[in-house]
Amino acid sequence: EEEFRPIGRNKSKSDEQSVPSLNVYQAVLVACARAGQYDNVTSLLTKMRRRGVRPNVYTYNSLLNVCAKDKETRWKEALSLLSQCQREPGIDPDLVTYTTAMRACIRGRRSDKAIEIFRVVKDMGIELDVYCYTTAMDACAKGKMWKTALSILREMKEKGIEPNEVTYGVAVAACGNGGRWEKALELLDQMREMNMKINTITYNAAVSALAKAARTESKQQRRFDFKQKGGKYHATGNQPQNSEVNLLWCKTLDLLDCMESEGVLRDSFTFSSAISTCGAAGRWEEAMHLINTMKADGDRGIKPNRFAYTSAITACGNSGEWEPALKLFNDMKLDGLQPDLVSYNALIGAGMTANQPEQVFGLWDEMLQPNKEKIAPDIVTLTEVIGTLDRATGKINRDRADKVFSDAVKLGIILRQDSLDSSWEVDLSGMSFPVARAACRFIFCRLVEEMKKDKVQTVRDFSLITGASRMREYVREVLRDELNPAIYCVVPKSEQGTLVVKEKVVKNYIDGHL
């Protein structure tokens with residue numbers, strides 16, 4: 001602002017005789033832009049034109065470059081400057097102008113705007129260079145448009161513009177972000193065939209692509225498989241052992257070996273992504289080995305971060321290895337890393353797979369304690385904690401499950417007051433079987449308590465939305481076999497996904513507890 005005032009003050013005779021040069025104006029404009037004073041930039045551009053000093057293409061390119069490098073998102077300002085440059089008499093925006101505006105849009109997470117600019121440049125017939133093409137591909141990578149990125153890469157080659165290492169690195173990232181790990185590895189092979197040097201960033205993009213694919217495959221495999229045993233449903237997690245996940249792990253290991261043999265630095269991101277693949281594949285021993293490798297390389301600044309620890313805990317959990325998972329969790333704390341919600345959920349998932357109800361319940365209570373990080377359970381935490389307690393036997397674990405569900409209601413995790421649920425209708429359809437089971441006990445217990453406190457004046461039919469699925473029959477069995485007095489319900493012909501407890505049955509249940 002101090003730099004802006006001398007030029008923007010009231011004009012004196014000396015000011016009229018001495019007009020600042022274009023270079024001076026440009027220095028002040030850039031300073032204002034770096035300070036985020038874009039209103040002053042616009043005002044000063046207007047004043048310099050009035051004084052006969054015309055900005056040139058370099059002026060606009062300098063300002064756009066500030067937008068592209070600003071920590072704040074400045075894509076709107078960049079588009080405004082580009083528009084002014086296009087309207088400025090005697091100025092034709094050049095390739096640098098458009099490319100820099102694209103970079104600002106990418107930084108502002110507006111890949112769509114960057115691609116729009118790229119298409120405009122092509123339509124104008126401006127000769128493109130490798131930098132512009134690479135920037136457009138970077139927009140595709142950030143916007144998960146891998147097909148467009150590969151199309152641009154093909155177009156470059158057809159026009160005789162040789163892609164460089166950065167171009168290929170961006171293409172690998174685009175394929176990785178789009179979940180196309182096969183294409184990412186193909187691009188790495190092409191780079192080797194052309195004797196291009198593959199750097200850490202490019203390798204990391206490929207390793208990350210494999211990790212994302214492995215996590216996706218693992219999620220599809222590790223769905224709860226509910227089996228009915230003695231009138232109860234039990235959730236069992238399956239360790240991912242399919243050939244796809246193992247293939248992804250082997251490919252990841254190959255990349256790590258290539259990096260080591262080629263002398264390419266394997267940084268924290270490399271190891272963290274590889275450990276994530278271990279987590280998806282349930283390879284807990286390999287995950288522990290990679291964690292120890294990172295610790296051994298601590299003098300080079302490669303230390304396990306929270307993501308690496310959490311991925312390793314997941315690997316142990318998928319293999320049912322509770323003790324190593326707990327050790328990793330405690331080591332993370334010793335390293336000064338505060339576990340986040342994902343870390344807690346990973347350890348709770350390990351406890352669920354290893355059947356550790358007491359430990360899992362303890363973790364739930366730990367999360368409820370006030371903490372600086374403001375970590376609180378979510379629906380995933382609730383589902384896994386109650387799933388663990390539901391599988392365990394004994395009244396103590398049932399009481400624990402009831403406490404956990406009651407805590408979750410108070411925290412607004414489930415049966416939220418702002419939901420469509422009411423005192424006489426509750427939706428159970430989106431819950432897991434163990435959570436729905438706990439919900440049934442909670443709902444009717446709450447109904448009795450409200451009646452005792454005279455909060456309920458009139459008893460009505462009670463509806464439970466379950467969906468026309470196995471959940472409906474499961475809830476019916478819970479109400480009939482586990483509540484006392486037993487609750488019997490009907491399925492309306494017009495609403496096959498709903499169980500209705502008639503008013504008389506509700507009264508009978510309430511009277512049995514008063």
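1. Where does Arg 109 lie? Arg 109 sits in the loop between helix 7 (95-107) and helix 8 (111-124). Its phi is near 60 degrees, a positive value in a residue other than glycine. Most residues other than glycine have a negative phi, and most peptide bonds are trans. Helices (H or I, at least four residues) and strands (E, at least two) are DSSP runs, numbered from the N terminus.

2. A word on the basis. This is a predicted model, in which local features need pLDDT of at least 70, side-chain atom pairs count only at pLDDT 80 or more, and totals for chains, interfaces and linings use all residues. Residues are numbered from 1 along each chain as its sequence is written, and side-chain values use heavy atoms, with hydrogens and water left out.

3. On confidence: pLDDT is the predictor's confidence in each residue, from 0 to 100. The protein chain has a mean pLDDT of 87, and 90% of its residues reach 70 or more. Residues 1-9 fall below 50; beyond near neighbours in sequence, this stretch has 16 contacts in the model. Residues 223-240 are also below 50, with 47 contacts beyond near neighbours in sequence. Contact means heavy atoms within 4.5 Å.

4. The peptide bond from Asn 484 to Pro 485 is cis, with omega near 0 degrees. Pro 485 lies in the loop between helix 24 (470-481) and strand 5.

5. Three strands form an open sheet in the order 3-4-5, with mixed pairing. Strand 3 (425-427) and strand 5 (498-501) each have a single partner strand, so one side of each is left without a neighbour in the sheet. The twist averages 15 degrees from one strand to the next. Two strands pair if DSSP finds at least two bridges between them.

6. The pairings in detail. Strand 3 and strand 4 pair in the parallel sense over three bridges. Here Glu 425 stands opposite Ser 463 in strand 4. Strand 4 (residues 462-465) and strand 5 are antiparallel, over four bridges. Phe 462 has Val 501 as its bridge partner in strand 5, and Ser 463 has Val 500.

7. Helix 23 (residues 433-452) lies across strands 3, 4 and 5, running at about 160 degrees to strand 4. Axes are lines fitted to C-alpha atoms, for helices over the stretch in contact, and angles run from 0 to 180 degrees between N-to-C directions.

8. The second largest pocket has a volume of about 410 Å³. Of its 18 lining residues, the closest to its centre are Gly 169, Val 170, Ala 173, Ile 201 and Ala 205. On a 1 Å grid over the protein atoms alone, a pocket is an open set of points where a 1.4 Å probe fits, with protein on both sides within 12 Å along at least five of seven lines; lining residues have an atom within 4 Å of a point. Grid points are joined across faces, edges and corners, and a volume is the space filled by probe spheres set on the points.

9. Helix 11 gives the most to this lining, with seven residues.
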